[in-house]
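User: Please take a close look at one part of this model, the pockets and the sheet beside them. Here is the structure.

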Amino acid sequence: MSERLFDTFTRLCEIPSETGHEREVADWIRVQLESFGLEVTEDDSAERADAASGNLICRIPGRSEEWVSFFAHMDTVPHSEPIKVVLADGVFRSAGETILGADNKAAVAVLMELAANARTEQPACGLELVFTVAEEEGLRGARELDVSALKAPFGYVFDHATPIGEIITAAPTYNKVVAEFEGIEAHSGIRPEVGRSAIEAAAAAVGRMELGRLDEETTANVGVVEGGTASNVVAGYCKLVCEARSLDEEKVAAATGTLVDACTWAATESGCDVDIDVWEVFRRYRIPPSAQSLKVARGALEACGHAPREVATGGGSDANALILQGYEALLLANGTEANHTPAESVGAARLVENVAICDALAAGVAAG
């Protein structure tokens, strides 16, 4: 069974599926699940989620009438070359200078293995396997998922690149700020004094911002600066792409306001115009200690030999979008490492462990 799981993971990683281009991998997943004799449905979210496919849902009846849902996203961040997977010393890595795609195809492979195993042994409870699209850019697939159609009262998202055993009980609100500065172009060697540099304005804005880790639950960053046309032209345009995150709503609002205020001040001081857009990419949550999903997760991890560790994260996942819709979802670590980088990896044993944890979660749900 491990060999099948490893082959599935390798194949999944080598199918390109950058956000917005999920069709090929979605079709492959569907064909495989249907070859197991399972029914797969695709929702109508593709257009709204700006994806090439809708979310896929596969239901597997269990020995009990209870249900649990498992979520994994099919898309990856962009990569510059085709992915080629190598397994060496028990660890999967990319053979090239690109991502591996374990985020989140390690979880997709685990869900596929659950489906394959169900052909010979019915799971302890019903399984709802949900494969989402466009997670990497705003959790768009999960946002568009009709959670009211799910049979399971709660579920698990296997999408946190930390050691197995971590249960993520809090995640932040993430606000994105895009500021577009407009100045006046001029020849920098002949009439620079008539120009108004949009790059200078943007630089002044960045210099006035509070960035990095602001406190234990709040961060701010400028991730993109782009503008200008040539070294001999006073730049007439420059764009900043910024973000603020916090587990506390007042703090994220304050950090976002600081970014906006810095851009407004810099534009005024530099004689430029600025257009600022602010939007919420995802919203914070805290899992209550009494949540049934948390109780079952603690028991399942302990049954599989892992000490449960409840932690907060600075990142987001489909859990943010699901919880915002009123659905109880718990984010679990899946043992992957260095996601979104050429150093991304996952131990083969971690894939096997995640299958066992899913089985234990199903058993815990069945037991009530």
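Which strands each supply at least two residues of the lining of the largest pocket?

Analyst: This is a predicted model, in which local features need pLDDT of at least 70 and side-chain atom pairs count only at pLDDT 80 or more, while totals for chains, interfaces and linings use all residues. Residues are numbered from 1 along each chain as its sequence is written, and side-chain values use heavy atoms, with hydrogens and water left out.

The strands are S7 (154–160), S9 and S15, each with at least two residues in the lining of the largest pocket. Strands here are DSSP runs of E of at least two residues, and helices are runs of H or I of at least four, numbered from the N terminus. S15 gives the largest share of this lining, 4 residues.

A pocket is an open set of points on a 1 Å grid over the protein atoms alone, where a 1.4 Å probe fits, with protein on both sides within 12 Å along at least five of seven lines; lining residues have an atom within 4 Å of a point. The volume of the largest pocket is about 720 Å³, counted as the space filled by probe spheres set on the points, with grid points joined across faces, edges and corners. Its lining has 28 residues, and those nearest the centre are Glu135, Glu136, Arg245, Gly316 and His340. By class, 10 of the lining residues are nonpolar, 9 polar and 9 charged; Ala, Val, Leu, Ile, Met, Phe, Trp, Tyr, Cys and Pro count as nonpolar, Asp, Glu, Lys and Arg as charged, and the others, Gly among them, as polar.

S9 and S15 also belong to an open sheet of 5 strands, ordered S11-S12-S14-S9-S15 with antiparallel pairing; two strands pair if DSSP finds at least two bridges between them. Its edge strands, each pairing on one side only, are S11 (212–215) and S15 (273–282). Within the sheet, S12 (residues 218–227) and S14 (residues 237–246) run antiparallel and are joined by 9 bridges. One of the bridge partners is Leu240 in S14, which faces Val225 in this pairing.

Helix H5 (residues 198–208) lies across S9 (173–182), S12 and S14, at about 20° to S14. Contact means heavy atoms within 4.5 Å; axes are lines fitted to C-alpha atoms, for helices over the stretch in contact, and angles run from 0 to 180 degrees between N-to-C directions.

The second largest pocket holds about 230 Å³ of space. Among its 15 lining residues, Asn117, Glu121, Gln122, Pro123 and Asp359 are the closest to the centre. Helices H3 (102–117) and H9 (348–367) each give two or more residues to this lining.
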